[in-house]
Amino acid sequence: MRRVIIIGAGLAGSEAALQLAKNKIYVDLYEMRDKKTTGAHKTDKFAEFVCSNSLGSYDITNASGLLKHEMEKLGSVLMPVILESKVPAGCALAIDREYFSSKITSLIENNPYINVIREEVTTIEENTPTIIASGPLTSDNLAVEIKNFIGEDYLYFFDAIAPIIEKDSIDFSKAFYLNRYNKGNADYINCPMTKEEYEKFYSILINSPKIELKSFEKNAKFFESCLPIEVIASRGIDTLRFGPLKPIGLIDERTKQENYAVVQLRQDNKNATLYNLVGFQTNLKWGSQKELIHSIPGLENANIIRYGVMHRNTFINSPKTLKSSLQSRKNNNIFFAGQITGTEGYTESIASGLLCGINMSRYINNLELIELPSTTMLGALTHYISFEGHKNFQPINSNWGIIDSIELDKKIRKNKKLKNEMLANRALNTIDSFLNNL
Ligand SMILES: Cc1cc2nc3c(=O)[nH]c(=O)nc-3n(C[C@H](O)[C@H](O)[C@H](O)COP(=O)(O)OP(=O)(O)OC[C@H]3O[C@@H](n4cnc5c(N)ncnc54)[C@H](O)[C@@H]3O)c2cc1C
């Protein structure tokens with residue numbers, strides 16, 4: 001009987017473990033929490049969402065939405081639980097993180113094929129089939145071991161978390177419920193600002209002390225699509241008004257007035273007692289975060305239950321290390337999955353865990369590994385991260401730029417929605433015929 005080791009019961013590791021179990025392969029799943037923390041995770045549950053509770057779009061004309069539909073076709077175990085954990089969030093697919101991770105933990109702990117070992121892994125057993133899914137916050141000891149295995153220095157960037165507040169502490173004489181452009185139900189809470197209120201907020205933000213980075217972190221790089229608000233603000237007074245605080249399409253029915261800026265809050269748990277500040281990831285000192293949040297109209301007495309924090313976010317040089325099957329180039333027994341490979345984001349991490357789980361099952365059963373074509377979003381992602389020609393490799397979200405283009409007449413090329421729909425249908429058909437030919 002062959003066993004597979006999985007290091008890390010995060011998003012990718014949990015999906016990979018459940019895939020192997022589905023194929024009746026025994027797994028030793030190592031997770032260091034609750035013995036050792038990552039600094040960002042708050043519980044000892046598996047598949048915890050560390051920051052936002054949103055997985056982006058579920059619409060196939062959106063790149064991340066297409067990836068989710070591909071994952072469903074490929075038999076993801078986490079996707080149905082995500083849909084079951086849904087909370088209202090307009091066009092976005094957002095979940096009750098506590099409900100979701102409790103469900104996944106129970107699925108894993110009660111699975112006869114999965115043996116959970118609550119321990120920090122510090123060595124890689126190169127003779128045992130192993131999936132390394134230890135995430136962007138891989139423990140230091142294991143990071144040294146991985147570095148020795150791949151023979152390369154780590155790459156990294158910085159990522160910050162957004163604060164969460166209690167809904168009962170919001171002043172609804174100022175705040176109002178509405179989705180942007182009045183689409184769907186009114187799921188979001190909006191805190192509108194006048195020009196004067198925004199300028200006061202901006203001045204607190206720009207003058208607030210940040211938590212000092214360690215000396216080796218001084219030249220911190222950030223992931224552009226997840227910048228801390230203080231970094232966005234440092235680029236100019238209006239950048240936030242054109243970014244996370246944009247007021248367009250958010251007019252309070254009571255005043256019918258255009259706002260100068262709007263802070264949006266998204267439901268964070270199923271019973272709607274907690275809300276997170278959308279796009280508000282920050283590394284300000286906690287006292288400053290409190291002052292800043294309390295300067296927002298409607299949030300003057302907000303009870304902050306989680307403050308923003310920043311973390312070093314580690315990834316390997318996948319182009320030199322991995323094949324697009326997520327197997328290492330150096331040793332066929334060793335696979336990598338999740339954010340550590342440079343597939344950036346919750347959905348992408350689960351998707352790579354899914355492919356890795358499928359491929360490890362095939363490896364154990366001496367079957368050819370799957371390398372999805374770049375006409376699919378998952379294939380495009382794994383080909384991107386394993387492309388040896390990268391000069392300056394950086395993590396990547398799902399996006400239409402990496403997927404193989406399609407010959408289209410001029411009229412369709414100009415219609416983005418129609419074009420994406422055609423690319424998406426082609427991708428889903430490719431997955432179907434791929435599965436039929438296995
Ligand atoms: C601070 C922060 C905020 C983020 N915010 C977002 C966001 O808002 N939206 C988004 O889409 N993505 C976000 N990401 C990126 C990414 O989607 C998440 O980090 C996601 O959880 C990655 O999934 P994963 O399975 O690769 O890693 P994780 O979910 O982190 O799982 C890795 C697991 O491995 C365990 N582990 C680590 N080392 C060891 C060891 N030596 N032995 C045993 N276990 C170990 C950890 O405890 C953890 O449970 C964020 C990342 C960070 C760091």
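**View 1. The two domains of the predicted model.** The C-alpha centres of domain 1 and domain 2 lie 30 Å apart. Domain 1 comprises residues 3–157 and 313–436, and domain 2 comprises residues 164–308; these bounds come from an automatic or database domain assignment. Residues are numbered from 1 along each chain as its sequence is written. Because the model is predicted, local features need pLDDT of at least 70 and side-chain atom pairs count only at pLDDT 80 or more, while totals for chains, interfaces and linings use all residues.

**View 2. The contact between the domains.** Domain 1 contributes 17 residues to the contact and domain 2 contributes 18, where two residues are in contact if their C-beta atoms, placed from the backbone, lie within 7 Å. On the side of domain 1 that touches domain 2 there are nine nonpolar, five polar and three charged residues (nonpolar: Ala, Val, Leu, Ile, Met, Phe, Trp, Tyr, Cys and Pro; charged: Asp, Glu, Lys and Arg; polar: the others, Gly among them).

**View 3. The buried side of helix α8.** Gln289, Leu292 and Ile293 are buried in helix α8, residues 286–294 (buried: 20 or more other C-beta atoms within 10 Å of the residue's own, all placed from the backbone; helix: a DSSP run of H or I with at least four residues, numbered from the N terminus; strand: a run of E with at least two). These residues lie on the same side of α8 because they cover an arc of only 95° around the axis, taken from the directions from the helix axis to the C-beta atoms. Their cover includes α6 (195–207) and β14 (304–306).

**View 4. Ile431 in helix α13.** Helix α13, residues 416–436, contains Ile431. Ile431 counts as buried because it has 22 C-beta neighbours inside 10 Å. Not counting residues up to four places away in sequence, Ile431 touches Glu70, Lys73, Leu74 and Thr376.

How values were computed: A residue is buried if 20 or more other C-beta atoms lie within 10 Å of its own, exposed if 12 or fewer, and partly exposed in between; C-beta atoms are placed from the backbone.
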